[in-house]
Amino acid sequence: MAADDELIEVKFRLADGTDIGPSKYTSFTTVGSLKDKIISQWPKDKENGPKTINDVKLINAGKILENNKTLGESRSTVSEIPGGVITMHVVVRPPMADKNSEKLQTKKSGCSCTIL
């Protein structure tokens with residue numbers, strides 16, 4: 001295998017400290033496809049799992065990774081141990097409240113005054 005085609009071992013650390021992986025990927029694997037893999041392997045017993053790749057943020061060595069970048073472009077050689085497993089942190093965006101229901105709640109909680 002060429003140096004650019006090496007397999008990179010990655011595990012994904014969830015907010016509660018559990019991990020998905022480790023699994024091996026080529027350096028040409030995109031961050032977007034890593035996020036797809038996370039969504040497909042998301043533990044079924046956890047609430048509020050991500051629905052799309054836009055609900056997931058991947059962080060490696062303090063940097064938020066972009067969907068269109070490859071794993072090779074996103075690596076931080078400073079923080080990696082040769083032959084070691086790279087741990088990427090997974091942050092899930094909380095579900096957005098429906099704007100229409102939010103407006104209704106705002107109207108209901110308004111002030112009421114009585115003039116005598």
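This is a predicted model: local features need pLDDT of at least 70, side-chain atom pairs count only at pLDDT 80 or more; totals for chains, interfaces and linings use all residues.
Five strands make up an open sheet with mixed pairing, in the order 2-1-5-3-4. Strand 2 (19–26) and strand 4 sit at the edges, each pairing on one side only. Strand 4 pairs with strand 3 (residues 56–60) in the antiparallel sense, over two bridges, and here Ile59 stands opposite Ile64. Helix 1 (residues 31–41) lies across strand 1 (7–13), strand 2, strand 3 and strand 5 (86–92), and runs at about 115 degrees to strand 3.

On the charged side of things, the count is three salt bridges. Lys11, Arg13 and Asp19 are linked in a network: Asp19 meets Lys11 at 3.6 Å, N to O, and Arg13 at 2.4 Å, N to O. Asp19 counts as partly exposed, at 33% relative accessibility, and so does Arg13, at 26%. The other partners are Asp16 and Lys46, whose side chains meet at 2.3 Å, N to O. Asp16 belongs to the loop between strand 1 and strand 2, and Lys46 to the loop between helix 1 and strand 3, so this pair ties together parts that are 30 residues apart in sequence. Asp16 is partly exposed at 48%, and Lys46 is partly exposed at 23%.

That leaves Lys69, found in the loop between strand 4 (63–64) and helix 2 (71–74). Lys69 is partly exposed, with a relative accessible area of 33%. Leaving aside residues up to four places away in sequence, Lys69 touches Thr29, Thr30, Val31 and Ser74.

Notes:
Residues are numbered from 1 along each chain as its sequence is written. Side-chain values use heavy atoms; hydrogens and water are left out. Helices (H or I, at least four residues) and strands (E, at least two) are DSSP runs, numbered from the N terminus. Buried means under 20% relative accessible area, exposed over 50%, partly exposed in between (1.4 Å probe, protein chains only). Contact means heavy atoms within 4.5 Å. Two strands pair if DSSP finds at least two bridges between them. Axes are lines fitted to C-alpha atoms, for helices over the stretch in contact, and angles run from 0 to 180 degrees between N-to-C directions. A salt bridge is a side-chain nitrogen of Lys or Arg within 4 Å of a carboxyl oxygen of Asp or Glu.
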